Amino acid sequence: MTYSTLAPTTPPEHILGVVRHLPTTAGSPPAAPWPSVAVRSAADHDQAFHEVWTSSRTAFGGQYKNLSYRHDGETFFCAAEIPDAARLRNAVRATYQAVVELTRRLGYRLLRVWNHVGNINAGNADGLERYRDFCQGRAEALEDLTGEWRVHLPAASCVGALAGGAVLYCLATRSRRPLHFENPHQVPAYHYPPKYGPRSPSFARATLLPGDTGPAGGQLFVSGTASVVGHATTHPDDVAEQCDTTEENLEHLLKHVGQQTGTSPGLPDFRFAKIYVRQAPDIPYVAGKFRSAFGENTEIRVLNVDLCRSDLLLEVEGVVAMA
Ligand code: 3EB
């Protein structure tokens, strides 16, 4: 499957799903024969873009509970919108359970999940931060994936949105076994201590979809990566230092994946990246910094949204082409 930001000109049967990153002022997108979801993640019309996932094959799909999905026999895409509510946990758990049921039934394994939560750092009806509320529901659904559920956690990101409850969308794969990786410089998120919330976040730092003949030629889905060392946020008030730590974390992660797979991915192998920046005035600095780090072959999109910890100022994620 491939990512593009072009308005969908692909033959409609080859579209797996479309995510529209829109400002709060834009109207809802029209219904489409493929999963089509709007995230209120663009501060203005200049930031708005389409994230289009396409296949070289014909895709089919439908609705399952609150998910809209499409798959082509090899790759699966689904999206769900969770309406805003005073507590998110139960609806998040039910949605993730639906994802687990449907992917299992169709024979797919999760590769990558993107999550956006409106007002992510605010308290819910019980005073629990909405991100932590979200993490509780997600963990309750994913913990019973298998006996050794952590082995199967996919790459993910969870960031803010400018309105709404939660939106999630994900990719899964059928015949190739995805490989999940941790960053040796970071505590696995599923082992974060309880001070970060009643249930740890459920994700791997990166997930590799191998190519036809092994890791080379595959795609590495890199999770949201931020200024977190061990389990602690470093440089809570310094955007320049957080950029440096984030870049180092990406480098450590790619080095580790390279050592584990006999490849040598680097930052210029990012085909596209999304950079989430909390404070609008930081955007030029952060964008410039990662343009230099990635080079000219990476398509970069910047979104001005909150991050899941109130002291994080930026987060970077994307897909690496494994040479
Ligand atoms: C961190 O390292 C930063 O909850 O799905 C990064 C990626 C983060 C994914 C998630 C959270 C998530 O903990 C936050």
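This is a short tour of the structure, stop by stop.

The model is predicted: local features need pLDDT of at least 70, side-chain atom pairs count only at pLDDT 80 or more, and totals for chains, interfaces and linings use all residues. Residues are numbered from 1 along each chain as its sequence is written, and side-chain values use heavy atoms, with hydrogens and water left out.

**Stop 1: the ligand**

Select the ligand and the residues around it. The shell has 13 residues, and Y131, R138, Y192, R205 and G224 come nearest. A residue is near a molecule if one of its heavy atoms lies within 4 Å of it.

Now look at the oxygen atoms of the ligand. For R138, a polar side-chain atom is 2.7 Å from a ligand oxygen. R205 has a side-chain N or O atom 2.9 Å from an oxygen of the ligand. A polar contact is a pair of N or O atoms within 3.5 Å; within protein, one must be able to donate a hydrogen and the other to accept it, and residues adjacent in sequence count only if both atoms are side-chain atoms.

How much of the ligand does the protein bury? Alone, the ligand exposes 360 Å², and the protein buries 99% of that. Accessible areas come from the Shrake-Rupley method with a 1.4 Å probe; for residues, only the protein chains shown count as cover.

Next, colour the shell by element. Helix 2 (130-142) and strand 9 (155-161) each supply at least two shell residues. Strand 9 gives the largest share, three residues. Helices (H or I, at least four residues) and strands (E, at least two) are DSSP runs, numbered from the N terminus.

Then colour the shell by class. Eight residues are nonpolar, two are polar and three are charged. Here Ala, Val, Leu, Ile, Met, Phe, Trp, Tyr, Cys and Pro count as nonpolar, Asp, Glu, Lys and Arg as charged, and the others, Gly among them, as polar.

**Stop 2: salt bridges**

The structure holds 16 salt bridges. Each is a side-chain nitrogen of Lys or Arg within 4 Å of a carboxyl oxygen of Asp or Glu.

Select E182 and R205. Their side chains meet in a salt bridge, 3.9 Å from N to O. Both residues sit in the loop between strand 11 (179-181) and strand 12 (206-211), 23 residues apart. Are they buried or exposed? E182 is buried, at 18% relative accessible area. R205 is also buried, at 6%. Buried means under 20% relative accessible area, exposed over 50%, and partly exposed in between (1.4 Å probe, protein chains only).

Move to D126 and R87. Their closest N and O atoms are 2.8 Å apart, in another salt bridge. D126 lies in the loop between strand 8 (109-118) and helix 2, and R87 in the loop between strand 7 (75-82) and helix 1 (89-106), so the pair ties together parts 39 residues apart in sequence. D126 is exposed, at 53% relative accessibility. R87 is partly exposed, at 47%.

Now select K289 and D244. Their salt bridge spans 2.7 Å, N to O. K289 is in helix 4 (residues 283-294) and D244 in helix 3 (residues 239-261), so this pair ties together parts 45 residues apart in sequence. K289 is partly exposed, at 21% relative accessible area. D244 is partly exposed too, at 28%.

Finish with E51, R112, K274 and E317. Salt bridges that share partners join these residues into one network.

**Stop 3: helix 3**

Show helix 3 from end to end. At 1.5 Å a residue, its 23 residues should span 33 Å, and its end C-alpha atoms are 33 Å apart, which agrees. The expected span is 1.5 Å times one less than the number of residues.

Zoom in on the N-terminal end. D238 caps it, with a side-chain oxygen 3.0 Å from the backbone nitrogen of A240. Then go to the residue that follows the helix. It is G262, and its phi is positive, near 70 degrees.

**Stop 4: loop residues**

Select K65, in the loop between strand 5 (60-64) and strand 6 (67-71). K65 is not a glycine, yet its phi is positive, about 50 degrees. At 57% relative accessibility, K65 is exposed.

Last, select H235, in the loop between strand 15 (232-233) and helix 3. H235 also is not a glycine, and has a positive phi of about 55 degrees. H235 is partly exposed, at 34% relative accessible area.
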